[in-house]
Number of protein chains: 2
Amino acid sequence: MKCLSCREEYDSNDAGTCKECYEEASETEEELKREIEDLKAKVAFLRFWSPLDHNHRSTTVPGLPYTDVVLLASDGPKDLPPIPIPAHKAVLVSRSPVFKAMLENEMEESRSGTIKISDVSYEALRAFINYLYTAEAVLDEPMAYDLLVLAEKYQVKHLKAYCEKFLVSKLNWDNSVMSYAFAHQQNAKLVVDAALSLITDNMDKLTKREEYMELVEKEPRLVVEIYEAYLAKQVNTAVHKDSSTKS
Amino acid sequence: MKCLSCREEYDSNDAGTCKECYEEASETEEELKREIEDLKAKVAFLRFWSPLDHNHRSTTVPGLPYTDVVLLASDGPKDLPPIPIPAHKAVLVSRSPVFKAMLENEMEESRSGTIKISDVSYEALRAFINYLYTAEAVLDEPMAYDLLVLAEKYQVKHLKAYCEKFLVSKLNWDNSVMSYAFAHQQNAKLVVDAALSLITDNMDKLTKREEYMELVEKEPRLVVEIYEAYLAKQVNTAVHKDSSTKS
């Protein structure tokens with residue numbers, strides 16, 4: 001028989017689908033692709049132009065239309081005043097329940113129209129605000145860490161998930177312990193689980209690592225959790241082996 | 001052979017794909033579905049809460065946060081003042097080049113913070129503004145016509161395409177001439193083409209219709225276009241017949 005997709009001959013052992021199912025599957029694929037196109041158009045429509053799109057680091061406030069709040073990153077050079085990042089209250093409030101509470105409850109930030117954010121660089125804050133407008137960010141590892149912290153602090157779930165996925169894709173033995181500890185602080189469960197799985201697969205090498213010793217010193221409870229995960233894995237494997245021997 | 005998808009036996013004449021292509025196709029489908037999930041999450045994140053979500057027709061201005069402009073529909077009951085629809089200039093400007101020009105060029109609307117829109121009902125204007133925030137609208141035919149007019153006037157392409165698709169799906173012989181004339185006015189090419197195709201398939205019935213006579217009276221050029229399309233179709237069919245007889 002000839003495969004309708006790759007045009008190669010195959011025999012009955014390598015049979016995939018009948019003609020009917022093949023045609024149905026092609027239709028489904030077409031439909032899914034159309035749905036993707038529709039959704040992409042929707043995203044493009046809903047994506048707010050960002051007030052930061054065309055303004056790289058500069059010392060003047062860009063002349064943006066209708067902004068009503070300014071954000072300041074505290075972590076800039078000490079001898080220069082922080083560069084203000086203009087934004088719209090309506091956007092901040094719609095993206096983050098923390099900004100919502102802050103701005104709607106007539107707190108200092110609401111009265112002054114200025115939100116100061118500590119322990120963050122101008123670049124990270126700028127990328128954060130940009131994400132709130134566009135749902136897009138260019139990530140490398142340091143930026144993903146910074147944005148994950150901001151996403152957790154301001155409860156921007158969509159950004160948090162985006163950073164977590166990126167960090168999981170970058171996990172390796174060298175950064176696993178550090179990632180594990182960091183992810184714990186930020187309640188980043190996806191990263192915690194992935195790092196834990198990597199660490200417990202390499203327990204023989206773990207105790208020699210510097211980061212391990214540091215962790216024992218500073219956060220012994222996290223180390224206990226590693227051992228508990230390791231133990232659970234061993235028990236699990238034993239049960240599996242046992243049942244497969246019996247069957 | 002057994003189909004891996006429907007589990008039915010089939011013979012070589014009904015062969016669809018080999019196993020390898022079947023598995024590849026399943027993976028592709030999974031990937032496409034994941035992409036759809038990601039895009040849906042993005043849409044949900046980017047979708048602005050609408051200032052109109054929880055406010056059905058009421059006579060008070062709802063207390064919305066940070067709106068800086070009000071829209072008024074002129075087509076309300078004469079003895080009542082129009083109900084203001086509050087919105088954000090930043091949103092209007094980012095969705096419509098016409099609002100952008102209007103608000104950025106220090107026109108009357110920009111100074112007063114009030115945009116009056118003529119020949120539109122409160123309900124249609126409300127649905128229009130809602131769409132600018134959410135990319136969603138509940139359509140029936142009259143609403144699709146109203147929103148298409150607004151989308152064309154304010155150059156909101158995404159909404160225009162949405163209304164056009166809906167109207168094409170509702171095309172039938174009874175509304176075809178009316179739709180054709182309307183779509184022409186609004187430069188709605190998708191609807192024009194679909195209506196034209198339906199009309200030219202039923203030329204024998206056309207001249208008896210009341211709408212046809214009206215169109216001849218009011219917009220004879222549109223009638224000429226119908227005949228031109230009909231002629232082109234006939235020529236095309238003749239060429240096809242000719243070439244298929246020869247082959």
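1. By about how many helical turns are A:Asp193 and A:Lys189 separated in helix α9 of chain A? About one: the two are four residues apart in that helix, which covers residues 189-200. A:Lys189 is exposed, at 56% relative accessibility. A:Asp193 is partly exposed, at 37%.

2. Note that this is a predicted model. Chain A has 12 helices and four strands. Its radius of gyration is 25 Å, well over the 18 Å that the globule rule gives for 247 residues, so chain A is more spread out than a compact globule. Its C-alpha atoms fill a box of roughly 75 × 55 × 30 Å along the principal axes. Buried residues make up 42% of the chain.

3. Over all chains there are 20 salt bridges. One of them pairs B:Lys165 with A:Asp38, at 3.5 Å from N to O. B:Lys165 sits in helix α7 of chain B and A:Asp38 in helix α1 of chain A, so this pair joins two chains. Both partners are partly exposed: B:Lys165 at 49%, A:Asp38 at 42%.

4. Another salt bridge links A:Glu152 and A:Lys160, with N and O 2.8 Å apart at the closest. Here A:Lys160 is buried, at 12% relative accessibility.

5. The surface carries a negative patch with residues from A and B, among them A:Glu8, A:Asp14, B:Glu20 and B:Glu31. A:Glu8 lies in the segment before β1 of chain A. It is exposed, at 51%.

6. A nonpolar surface patch consists of A:Leu231, A:Val235 and A:Val239, with about 280 Å² of accessible area together. A:Val239 belongs to helix α12, residues 220-246.

How values were computed
Residues numbered from 1 in each chain as written. Chains lettered and ligands numbered in written order. Predicted model: local features only at pLDDT ≥ 70, side-chain atom pairs only at ≥ 80, totals over all residues. Heavy atoms only, no water. Patch = residues over 30% accessible without salt bridge, like charges linked within 9 Å, V, L, I, M, F, W, Y side chains within 5 Å. Areas by Shrake-Rupley, 256 points an atom, 1.4 Å probe, with all protein chains shown as cover. Salt bridge = Lys/Arg side-chain N within 4 Å of Asp/Glu carboxyl O. Lys, Arg positive; Asp, Glu negative; His and termini not counted. Charge placed at Lys NZ, Arg CZ, Asp CG, Glu CD. Buried < 20%, exposed > 50% of the residue type's maximum accessible area, 1.4 Å probe, protein only. Rg over C-alpha atoms; globule rule 2.2 N^0.38 Å.
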